[in-house]
Amino acid sequence: MTAKAIQFTVDGIAVAATAGQSLIEACDDAGIYIPRLCHHPDLTPSGNCRVCTCTVNGRQSAACVTPAAHGMVVENDTPRLTDDRRTIIEMLFVEGIHPCPYCVASGDCELQALGYRLGMTAPTEAYLWPRRKLDATHPDITLDHDRCILCSRCIRASRMEDGKTVFGFEGRGIAMRLNVDAQGGLGETQMAAIDKAASVCPVACIVIKRDSYRVPNGERRFDKAPIGSDIEARRRPSGSGGHRS
Amino acid sequence: MTEIQASLGARKIVIDPVTRVEGHGKVTIRLNEAGEVEQARFHIVEFRGFERFIQGRMFDEVPVIVQRLCGICPVSHHLCAGKAMDVVAGVDQVTPTADKMRRLMHYGQVLQSNALNFFHLASPDLLLGFDAPVATRNIVGVIEAFPEVGKWGIFIRKFGQQVIAATGGRRIHPRLCVPGGVNQNLTVDHRDALRKDIGQIIAWCGLALELHKSFVHAHQELHATFASFPSSYMSLVGADKRMELYDGTLRALHADGSTIFEDVKAADYRDYMIEEVRSWSYMKFPHIRSLGRDNGWYRVGPLAQVNACAFIDTPLAEAARKDFMALGHGGLVHATLGYHWARMIVMIHCAEVIERLLYDDDLQGTDLVVTGKRRPEGVAVIEAPRGTLLHHYTVDDNGQVTSANLIVSTTNNNEAMNRSVTKVAKDYLTGREITEGLLNHVEVAIRAYDPCLSCATHALGDMPLIVTLEDADGAIVATRVKE
Ligand code: SF4
Ligand code: SF4
Ligand code: FES
C-alpha cells in the first residue's frame with residue numbers, strides 16, 4: 001500500500017488523494033459529497049454542468065475536472081455554493097419539462113434528488129416550456145427530450161464504453177439539444193438496451209420501456225436517503241479518515 | 001346559453017359560485033312567462049384538457065399521470081387506467097395477487113371516499129337540518145353535536161387511506177398498477193395492522209347506518225320525495241349480478257326494474273352508449289343508445305350500484321340492502337336522498353370485502369406481473385365511489401397514446417342532477433326571491449350525487465355560491481351569496 005501523497009483540506013477536513021485523482025474522486029473516497037450531475041464514476045469527466053463547482057484556493061473550480069493537488073484549500077459545503085448550485089438546478093428544471101409527481105424517474109432521479117438536497121422548492125425562474133418530441137421509435141428504449149438536461153453522459157458512454165456514436169449535441173447555448181445519429185430516431189441507431197449509454201442518464205430522458213413504475217414508492221433509490229448519502233457513509237466516524245482541524 | 005336565450009321572454013335565476021378556479025359549478029333556474037320554474041341546470045366546468053395532454057405519452061405512464069386529473073378520486077383513475085393498460089399490454093387476466101391488491105386498494109378508496117361524503121358533506125345537512133346555520137352546518141358542528149359520529153367519520157376515512165397507503169405506498173397519488181399487474185404485494189406488517197382495526201371499522205359503519213336510518217324514519221316523506229323522480233340506473237355487476245365495484249360487466253335497468261342491457265363488456269360500450277356534446281355545457285351527455293337522446297339518460301353511483309345488483313355477497317351489506325330495497329316495495333328505489341343510504345351500504349360492503357381480503361394469502365404472493373402481446377386499444381370500466389367510470393385509449397406501435405376518452409361518474413349523472421335541481425326549484429322557489437332555504441335545498445340535492453366538480457380538486461362542500469335572480473330582460477333583481 002502506497003501512502004496517499006497528496007494532502008489537502010475540504011471545509012477544514014483533511015483529505016488524502018493519490019496522484020491522478022480529481023478533486024471529486026478524492027472526496028468521494030474520503031466520504032465527502034460534492035453535488036454533481038454530469039459526472040459519472042465510470043465515465044471520463046466532461047465538466048459541463050458546473051454543479052460540482054467548489055472554491056479552490058479562492059477560485060471557482062469544477063471539482064470533477066480539477067486534479068487533486070497537494071495543499072489546496074477547498075470550500076464545498078458553504079451557503080454561497082449551495083445557493084449557486086440550487087440556481088443551476090432550478091435553471092435545468094425550467095429549461096425542460098419536469099412533472100416529478102408522475103414522472104417515471106421520480107424517486108430515482110438525480111436532478112430531483114439534488115433539488116431536494118439543495119432545498120429547492122418552486123423554481124423562481126420562468127418556465128421555458130420547450131416543445132420537444134418524445135422519441136419512442138426504439139423497441140426497448142424511449143428518449144423523452146423534455147427531460148434531458150444535456151449532461152452528455154450518454155454521449156460519453158456511447159462513444160467510450162459502447163464504441164458507438166448514437167448520441168451527440170446539436171446547436172449552442174440555450175438552443176443546444178441532444179440528437180441521435182439517424183434521421184428516423186433512436187430506433188434506427190445502433191443503440192441497444194444493454195448499452196452503457198442506456199443506464200447512465202441521471203433523469204428520465206433515456207428510459208427502458210416496460211420497466212416504468214416497477215419499483216414501489218418507498219423503495220426507490222432516493223426514497224430512504226438523500227442523494228450523496230452513500231458517499232457520506234464511507235466517511236469513517238473519527239480518527240484516521242478525516243476530521244475537522 | 002343558446003337554448004336559454006332562444007327561449008324568448010323567459011326569466012333566469014342563476015346560482016353561481018364565486019370561485020374562479022377550475023371546478024366551479026353553477027345553477028341556472030329558468031322561469032316561464034308565468035314566473036314558474038320551467039327547467040334548471042347544474043353546470044360543471046369539466047376539465048377536458050387531459051385527453052389531449054396525454055397524447056404522445058407512453059401507455060405505461062398513463063395510470064400514474066391520470067391520477068393528476070382528479071383531486072378527489074385519483075385512485076379510481078389509477079386503477080381504471082391500469083385495467084385499460086392491461087388490455088393494451090395484451091393481458092386479459094392478471095395474477096391473483098395483482099387482482100386482489102388492486103381490489104384491496106379500490107375498496108379502501110371507495111370506503112374512504114364514501115365516508116368523506118357521508119360524514120363530512122352530507123351528515124351536517126342530515127343530522128343538523130337543511131336549514132341549520134351555515135356556520136355550524138359542517139363537520140365541526142357535527143362533532144360538537146354528535147361527538148361519536150364525528151369520530152366514526154374520521155377513523156373510517158383514515159382506515160381507507162391506510163389501505164391505500166399499504167397497497168400503493170402513499171395515501172394520495174399511490175402507485176400500484178403497472179400494465180399487466182402490480183409493483184408490490186401486501187407486507188405482513190401492513191396486513192396485521194389493518195386486521196387489527198377492520199372489525200371496529202365494520203362496527204362503526206353499521207352504527208352510522210343505523211343513525212342514518214333513524215333520520216330517514218323521522219323524515220319519511222321528505223326522504224321519499226326530495227329531489228326525486230323515477231330513472232334508469234347503470235352499474236357494473238359481477239357474477240350472478242352480485243354487487244361488484246372493481247371489475248365486471250355493465251348492467252342497466254329501466255325505472256320499473258326491467259333490463260335495458262346486461263353482461264356488457266367494457267370493450268363493447270360504444271355499442272350501447274353514445275356521448276353527446278351540448279353547446280351550453282362543456283360536459284358530455286352520455287346516454288343509452290337504444291333509448292335515444294331524450295330517454296336514454298340514467299343514474300350512476302351508490303343508488304345505482306345497489307339498485308342494479310341482484311344481491312351483495314357480504315352478509316352485513318346484503319342485510320342492509322334488503323332493508324333498503326323494501327323502500328321500493330318490490331321495485332327499485334328512486335329516492336334521491338336514498339343515495340346516502342345506498343352509499344352507506346356500499347361502505348359496509350367495502351369494509352367487509354377488505355376484511356375478507358386481509359385473510360387471503362394471495363395478497364402475499366410474489367407473482368406480480370404477466371406479459372402479453374401488445375394491442376392497439378384498451379377500454380376499462382370501474383365503479384368509482386361516484387359511479388361508473390370509463391377509460392378508453394388507443395396506442396400506436398411504439399407504445400405512445402394516440403387518443404383517450406374518459407367518461408367520468410359525474411358526467412354520467414349530468415341529466416339526473418339537472419332533474420333533481422329542477423325538482424327542488426319547483427318545490428322550493430316561491431316568487432322572485434332566492435331564499436337561503438332554496439339555496440340550501442339546491443345544495444343538498446346536488447350533494448346527494450357527490451359530484452366531483454370538473455375533476456379538479458374542489459368538493460362541493462367547499463363551494464361558495466352566488467345566487468342571481470334575473471328578470472325577463474336579463475336585469476338582476478336580487479343577488480344572494482352563500483359562502
Ligand atoms: S426527470 Fe427527474 S426532475 Fe425531471 S420530472 Fe422526472 S423526476 Fe422530475
Ligand atoms: S439523455 Fe440523459 S444522459 Fe443524455 S444528455 Fe440528456 S440527460 Fe444526459
Ligand atoms: S459534475 Fe462537474 S461539471 Fe458536472
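How do the residues of the shell around ligand 1 divide into nonpolar, polar and charged? They split into 9 nonpolar, 3 polar and 1 charged. Keep in mind that this is a predicted model.

**The two ligand shells**

Start with ligand 1. It is surrounded by 13 residues. The closest are His98(A), Cys100(A), Cys103(A), Cys109(A) and Ala204(A). Ligand 2 has 13 residues around it. Those that come nearest are Cys148(A), Cys151(A), Ser152(A), Cys154(A) and Cys201(A). The table sets out the make-up of each shell.

| Shell | Nonpolar | Polar | Charged |
|---|---|---|---|
| Ligand 1 | 9 residues | 3 residues | 1 residue |
| Ligand 2 | 11 residues | 1 residue | 1 residue |

**Two domains in chain A**

Now step back to the whole of chain A. Its domain 1 covers residues 7-77, and its domain 2 covers residues 84-213. The C-alpha centres of these two domains of chain A are 25 Å apart. The domains also touch: 22 residues of domain 1 of chain A are in contact with 23 residues of domain 2 of chain A.

**The five-stranded sheet**

Chain A has an open sheet of 5 strands. Their order is 2-1-5-3-4, and the pairing is mixed. At the edges are strand 2 (13-17) and strand 4 (59-62) of chain A, and each of them pairs on one side only. From one strand to the next, the twist averages 35 degrees.

Strands of a sheet pair through backbone hydrogen bonds, in either a parallel or an antiparallel way. Strand 1 (residues 6-10) and strand 5 (residues 73-75) of chain A are parallel, with 2 bridges. In this pair, Val10(A) stands opposite Val74(A) of strand 5 of chain A. Strand 3 and strand 4 of chain A are antiparallel, with 4 bridges. There, Val56(A) has Arg59(A), in strand 4 of chain A, as its bridge partner.

Strand 3 and strand 4 of chain A form a hairpin. How many residues lie between the strands of this hairpin? There are 2. In this hairpin, Asn57(A) takes a positive phi near 50 degrees.

Ile88(A) is part of helix 2 of chain A. Beyond its neighbours up to four places away in sequence, Ile88(A) touches Cys49(A), Arg50(A) and Val51(A). Take Ile88(A) and Val51(A). In sequence they are 37 residues apart, while in space their C-alpha atoms are 6.7 Å apart.

**The three-stranded sheet**

Chain A also has an open sheet of 3 strands. The order is 6-7-10, and the pairing is antiparallel. The edge strands are strand 6 (134-135) and strand 10 (206-208) of chain A. Strand 7 (residues 141-144) of chain A is joined to strand 10 of chain A by 3 bridges. In strand 10 of chain A, Ile208(A) stands opposite Ile141(A).

**A loop residue in chain B**

Finally, look at chain B. Where is Asn185(B)? It sits in the loop between strand 5 (181-182) and helix 8 (188-218) of chain B. Its side chain reaches two backbone oxygens: that of Gln364(B) at 3.2 Å, and that of Gly365(B) at 2.9 Å. Leaving out residues up to four places away in sequence, Asn185(B) touches several residues, including Thr97(B), Met101(B), Leu363(B) and Leu368(B).

Note on methods
Residues are numbered from 1 along each chain as its sequence is written. Chains are lettered from A and ligands numbered from 1 in the order in which they are written. This is a predicted model: local features need pLDDT of at least 70, side-chain atom pairs count only at pLDDT 80 or more; totals for chains, interfaces and linings use all residues. Side-chain values use heavy atoms; hydrogens and water are left out. Two strands pair if DSSP finds at least two bridges between them. Axes are lines fitted to C-alpha atoms, for helices over the stretch in contact, and angles run from 0 to 180 degrees between N-to-C directions. A residue is near a molecule or strand if one of its heavy atoms lies within 4 Å of it. Ala, Val, Leu, Ile, Met, Phe, Trp, Tyr, Cys and Pro count as nonpolar, Asp, Glu, Lys and Arg as charged, and the others, Gly among them, as polar. A polar contact is a pair of N or O atoms within 3.5 Å; within protein, one must be able to donate a hydrogen and the other to accept it, and residues adjacent in sequence count only if both atoms are side-chain atoms. Contact means heavy atoms within 4.5 Å. Domain bounds come from an automatic or database domain assignment.
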